[in-house]
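I set down here what I looked up in one protein model, entry by entry. The sequence and structure come before the notes.

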Amino acid sequence: MTPKEQTELIVKALEERKGTDIKVYDVRGKSSLTDFFVVATGTAAPHLKALIAETQAAMKEASIQSHRTSGDPESGWIVVDYIDVVVHVFSPEARAYYALEKLWAD
C-alpha cells in the first residue's frame with residue numbers, strides 16, 4: 001500500500017469516528033521523517049481514544065502496524081507513527097496550543 005493510500009485509509013477511519021478539522025500535509029521532499037502528516041481533532045479524551053483505536057484497526061486490517069504510539073488521551077495529544085504517515089490527534093485546546101499546522105502550512 002502506498003503512503004498516499006495509507007493516508008486515505010487513515011482519513012476515512014478518522015471521519016468514521018467523527019474526527020473534525022482533518023488536515024493532510026504532504027511533506028515529501030520537505031521532511032526526512034515521513035511523507036504525510038495527518039492532523040485531526042477530537043472532542044474529549046474518550047473521543048481521542050476512539051479516533052486512534054479506529055485508525056489502528058483500519059491499518060491493522062490492511063496489515064500495517066504502527067512503529068510507535070505516543071501520548072495519552074488525557075494529555076490531549078496522541079501521535080501514531082506509521083513511518084510513511086504520522087497521525088496526530090488533538091483535543092481542541094492542545095491543537096490550538098501546539099499549532100502544528102503552522103510548521104507545515106506552506
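The entries below go from the whole chain to single residues.

**Entry 1. Basis of the notes**

I worked from a predicted model, in which local features need pLDDT of at least 70 and side-chain atom pairs count only at pLDDT 80 or more, whereas totals for chains, interfaces and linings use all residues. I number residues from 1 along each chain as its sequence is written, and side-chain values use heavy atoms, with hydrogens and water left out.

**Entry 2. Overall fold**

I looked up the secondary structure and found 4 helices and 5 strands. I take helices (H or I, at least four residues) and strands (E, at least two) as DSSP runs, numbered from the N terminus. Read from the N terminus, the order of elements is α-β-β-α-β-β-β-α-α. The radius of gyration is 13 Å, close to the 13 Å that the globule rule gives for 106 residues, so the protein is as compact as a globular protein of that length. The radius is taken over C-alpha atoms, and the rule is 2.2 Å times the number of residues to the power 0.38. Along the principal axes, the C-alpha atoms fill a box of roughly 35 × 30 × 20 Å.

**Entry 3. Burial, contacts and surface**

I noted that 43% of the 106 residues are buried. Buried means under 20% relative accessible area, exposed over 50%, and partly exposed in between (1.4 Å probe, protein chains only). Among contacts with a separation of 6 or more, 57% join residues 24 or more positions apart; a contact means heavy atoms within 4.5 Å. The protein exposes about 6,100 Å², and carbon and sulfur atoms supply 51% of that area. Accessible areas come from the Shrake-Rupley method with a 1.4 Å probe, and for residues only the protein chains shown count as cover.

I also looked up the charges: the mean positions of the 12 positive and 16 negative charges are 1 Å apart. Lys and Arg count as positive and Asp and Glu as negative, while His and the chain ends are not counted. Each charge is placed at NZ of Lys, CZ of Arg, CG of Asp or CD of Glu.

**Entry 4. Arginine 95**

Is arginine 95 buried or exposed? I found that arginine 95 counts as buried, because its relative accessibility is 6%. Arginine 95 lies in helix 3, residues 92-98. Its side chain makes a polar contact of 2.7 Å with the side chain of threonine 41. A polar contact is a pair of N or O atoms within 3.5 Å; within protein, one must be able to donate a hydrogen and the other to accept it, and residues adjacent in sequence count only if both atoms are side-chain atoms. Not counting residues up to four places away in sequence, arginine 95 touches several residues, among them Asp21, Val39, Phe90 and Glu101.

**Entry 5. The tyrosines of helix 3**

I then checked tyrosine 97 and tyrosine 98. Tyrosine 97 is placed in helix 3 and is exposed, with a relative accessible area of 66%. Tyrosine 98 also lies in helix 3, but counts as partly exposed at 43% relative accessibility. Apart from neighbours within four places in sequence, tyrosine 98 is in contact with Trp77 and Phe90.

**Entry 6. Strand 5**

Valine 85 is in strand 5, residues 85-90, and is buried at 0% relative accessible area. Its contacts, leaving aside neighbours within four places, include Ile10, Thr34, Phe36 and Val80. Valine 85 and threonine 34 are 51 residues apart in sequence, yet 5.9 Å apart C-alpha to C-alpha.

Histidine 88 is found in strand 5 and is buried, with a relative accessible area of 6%. Which side chain does histidine 88 join through a polar contact of 3.1 Å? The partner is tryptophan 77. Beyond four places in sequence, the contacts of histidine 88 include Trp77, Val39, Ile78 and Leu100.

**Entry 7. Positive phi in two loops**

Most residues other than glycine have a negative phi. I recorded lysine 18, with phi near 65 degrees, in the loop between helix 1 (3-16) and strand 1 (20-26). Lysine 18 is exposed, at 63% relative accessible area. Serine 63 has a positive phi of about 65 degrees and is found in the loop between helix 2 (45-61) and strand 3 (68-72). Serine 63 is exposed, with a relative accessible area of 65%.
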